Protein chains: 2
Amino acid sequence: MILLETIQAAHDRIRAHIHRTPVLTNRTLNGLSGVDLYFKPENLQKIGAFKARGGLNAVLHLSEQERYHGRTLGPVTTHSSGNHAQAVAFAARQVGTMAYIVMPRTAPEVKKEAVLGYGADIIECEPTLEAREAGVREVMERTGATLIHPFDDDRVIAGQATAAKELIEDAGLDKPFDVIMAPVGGGGLLSGTALVTHFISPRTRVVAGEPEGAADAILSFKSGKVEKAPFIKTIADGLMTSLSERTLGYMREHVTDILTVSDAEIGAAMRLVWERMKIIIEPSAAVPLAVLLKNNERFAGQKVGIILTGGNVDLGKLPF
Amino acid sequence: MILLETIQAAHDRIRAHIHRTPVLTNRTLNGLSGVDLYFKPENLQKIGAFKARGGLNAVLHLSEQERYHGRTLGPVTTHSSGNHAQAVAFAARQVGTMAYIVMPRTAPEVKKEAVLGYGADIIECEPTLEAREAGVREVMERTGATLIHPFDDDRVIAGQATAAKELIEDAGLDKPFDVIMAPVGGGGLLSGTALVTHFISPRTRVVAGEPEGAADAILSFKSGKVEKAPFIKTIADGLMTSLSERTLGYMREHVTDILTVSDAEIGAAMRLVWERMKIIIEPSAAVPLAVLLKNNERFAGQKVGIILTGGNVDLGKLPF
């Protein structure tokens, strides 16, 4: 169970290893949307994404436990083609242990290089969930590595919660946010965001954005069961995963709503952030702003915080 | 004459109207360069560039003087195809007066739109210095507008100085910067940077970067006279201007060195910042980092502050 103290402890644990990213405002986007917007640019975070927070909290927590028992932490492992791979590799380097990252052989070279750059080993596999999970099992048997799941883990969720915590603490508002928005993939960031908002800003609603081309969370949120997306086809490549029972549970308790947007709407919001805010965000990170612009009458005149989740995008493959 | 008090007063005057941009660090770039780097990302500033600071200080100062005499400030004018046009339009809106911006008809539509967005009037002219100056004279005669020069003005220079002031104040160093770097075009930012560094961090050297394709400042700096560039051809379109006697004077007193880089080196440094720091900078803003990477043995192990001057770039015309 995640309490406020769990999140506070996570924040204290990771603080020295991460950037306290700023809160950005932009008058043009306020004017365009009619909404008072506060952005938390986690593209400026270590590894270029909020996932550094959750990966670090899990690995540092494990390391503390081992130290308590007079041992040092052995290797860690995960499977990921994206930001969580870099997060675990980065976190392992922080505590001086080995990371084995199972990556589909189709993952972009630039992401593989980043993982190698943190001193981790890559185990390539076929680009299927089965092959990835088999790869991780093989690593665990061979090396005794501990699995760091990208979202189905309370330590990871508590780490991700610190982004919204900083946003609420640093925005300098005289009254609470009306809404805080985050995208939803596996639901780790959204769960953490919803939990910490419930604890420290209980009058604030939490609204999630999801791509139409990976619309499993909105179905699961309504039915109460973990559902699969009817189809998967989106430029928001960080949001293709389904939820877990754990993240769905947190979301059903503390999230107000999930809204979907098309790839065209995501691409337009992404371009707007590049042009107007002068920061590089990946398609997944543009989903909440796309939702807000599509439904802006619903948010008119409100104070809305948006977590910009990451900036790891291939400059050679832009959707505009 | 610009004193420390002049710059402090400028900072107090503009503070409520600008963003206090953060100080960014990046372990990958530190590793690549062997230098301990601290970036001041003025691409995140109002109008997407540091020029908001100088334009604001000049216009607010004029407005205060008029108020002292019981009058309100009349219209202001300038000629610019770039960030100074937006800066003056933005500043005029802050004090509720009219701005007439003389722009070459070849200026990008997106820049014209930004100026119009601040409520200013655009007067189009031929893309020559003569036509631009004639355009401003015509506006001044017709409307009584006051000229805000982009760099040959102590109020503008004192405003630009506040970027380095914040960098020095916010970097949180236990000993002073070894070097602070800025690009040089007309020399307004560089003069302000060198002056404030001399006042509040006197053991810090100030080093400028200039494109090989607009290499007038390095000649002027050596000869002591305002020289023209042998040729003008660079992607750093914000740095094509020559110095004035005023800026050359400040530079000869307080700048240590000027180093030049090619367009290829500028483009590579720009891409590095996009990919590693996840922020959008324009070619001119990449010049100091390009200089540092080209001469990195000279800066090895030092603490270096770099002003990233702006992010107003056409996403359709990237040099990579």
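Mentor: Start with B:Glu169. This is a predicted model, and every value here is computed from it. Burial is read from relative accessible area, and the middle class runs between 20% and 50%. B:Glu169 is partly exposed because its relative accessible area is 40%.

Trainee: Which residue forms a salt bridge with B:Glu169?

Mentor: B:Arg20 does, with the closest N and O atoms 2.8 Å apart. B:Arg20 has a relative accessible area of 39%, so B:Arg20 is partly exposed.

Trainee: What about chain A? Which residues do salt bridges with shared partners join there?

Mentor: A:Arg20, A:Lys165, A:Glu169 and A:Asp170 form one network.

Trainee: Back in chain B, which residue does B:Arg15 meet in a salt bridge?

Mentor: B:Asp12, at 2.8 Å from N to O. Now read the accessibility of each partner. B:Asp12 has a relative accessible area of 53%, so B:Asp12 is exposed. B:Arg15 has 39% relative accessibility, so B:Arg15 counts as partly exposed.

Trainee: How many salt bridges are there over all chains?

Mentor: The count is 42. Take A:Arg13 as another case. A:Arg13 pairs with A:Glu64, and their closest N and O atoms are 2.9 Å apart. This pair also links distant parts of the chain, 51 residues apart. A:Arg13 belongs to helix H1 of chain A, and A:Glu64 to helix H3 (residues 51–68) of chain A.

Trainee: Is A:Arg13 buried or exposed?

Mentor: Buried. The cut-off for buried is under 20%. A:Arg13 has 18% relative accessibility, so A:Arg13 counts as buried. A:Glu64 has 33%, so A:Glu64 counts as partly exposed.

Trainee: Now domains. How is chain A divided?

Mentor: Domain 1 covers 4–50 + 155–308, and domain 2 covers 52–147. Their centres, taken over C-alpha atoms, are 25 Å apart. In the contact, 23 residues come from domain 1 of chain A and 16 residues from domain 2 of chain A.

Trainee: What area is buried between the two domains of chain A?

Mentor: About 1,700 Å², with carbon and sulfur atoms giving 56%. Then ask which residues carry it. On the domain 1 side of chain A, A:Arg13, A:Ile47 and A:Arg155 lose the most area to domain 2, together 48% of what that side buries.

Trainee: How many salt bridges and polar contacts are counted between these domains of chain A?

Mentor: Three salt bridges. Polar contacts come to twelve residue pairs, both residues at pLDDT 80 or more. H7(A) gives the most to the side of domain 1 of chain A that touches domain 2, with eight residues. By class, that domain 1 side has nine nonpolar, seven polar and seven charged residues. For another salt bridge in chain A, look at A:Glu166 and A:Arg53, whose closest N and O atoms are 3.0 Å apart.

Trainee: Where is A:Asn83 found, and which residues does A:Asn83 contact?

Mentor: A:Asn83 is in helix H4 (residues 83–95) of chain A. Setting aside neighbours within four places in sequence, A:Asn83 is in contact with A:Ile47, A:Ala49, A:Lys51, A:Lys111, A:Glu282 and A:Asn312. A:Asn83 counts as buried because its relative accessibility is 11%.

Trainee: Last, the two chains. What area do chain A and chain B bury between them?

Mentor: About 1,800 Å², 59% of it on carbon and sulfur atoms. A:Lys278, A:Ile280 and A:Leu315 supply 34% of the area that chain A buries against chain B, more than any other three residues. Check the charges next. Helix H11 (residues 263–277) of chain A gives the largest share of the chain A side, four residues.

Terms used:
Residues numbered from 1 in each chain as written. Chains lettered and ligands numbered in written order. Predicted model: local features only at pLDDT ≥ 70, side-chain atom pairs only at ≥ 80, totals over all residues. Heavy atoms only, no water. Domains from an automatic or database assignment. Contact = heavy atoms within 4.5 Å. Buried area = accessible area lost by both parts, 1.4 Å probe. Salt bridge = Lys/Arg side-chain N within 4 Å of Asp/Glu carboxyl O. Polar contact = N/O pair within 3.5 Å; in protein donor to acceptor, adjacent residues only side chain to side chain. Helix = DSSP H or I, 4+ residues; strand = E, 2+ residues; numbered from the N terminus. Nonpolar A, V, L, I, M, F, W, Y, C, P; charged D, E, K, R; others polar. Buried < 20%, exposed > 50% of the residue type's maximum accessible area, 1.4 Å probe, protein only.
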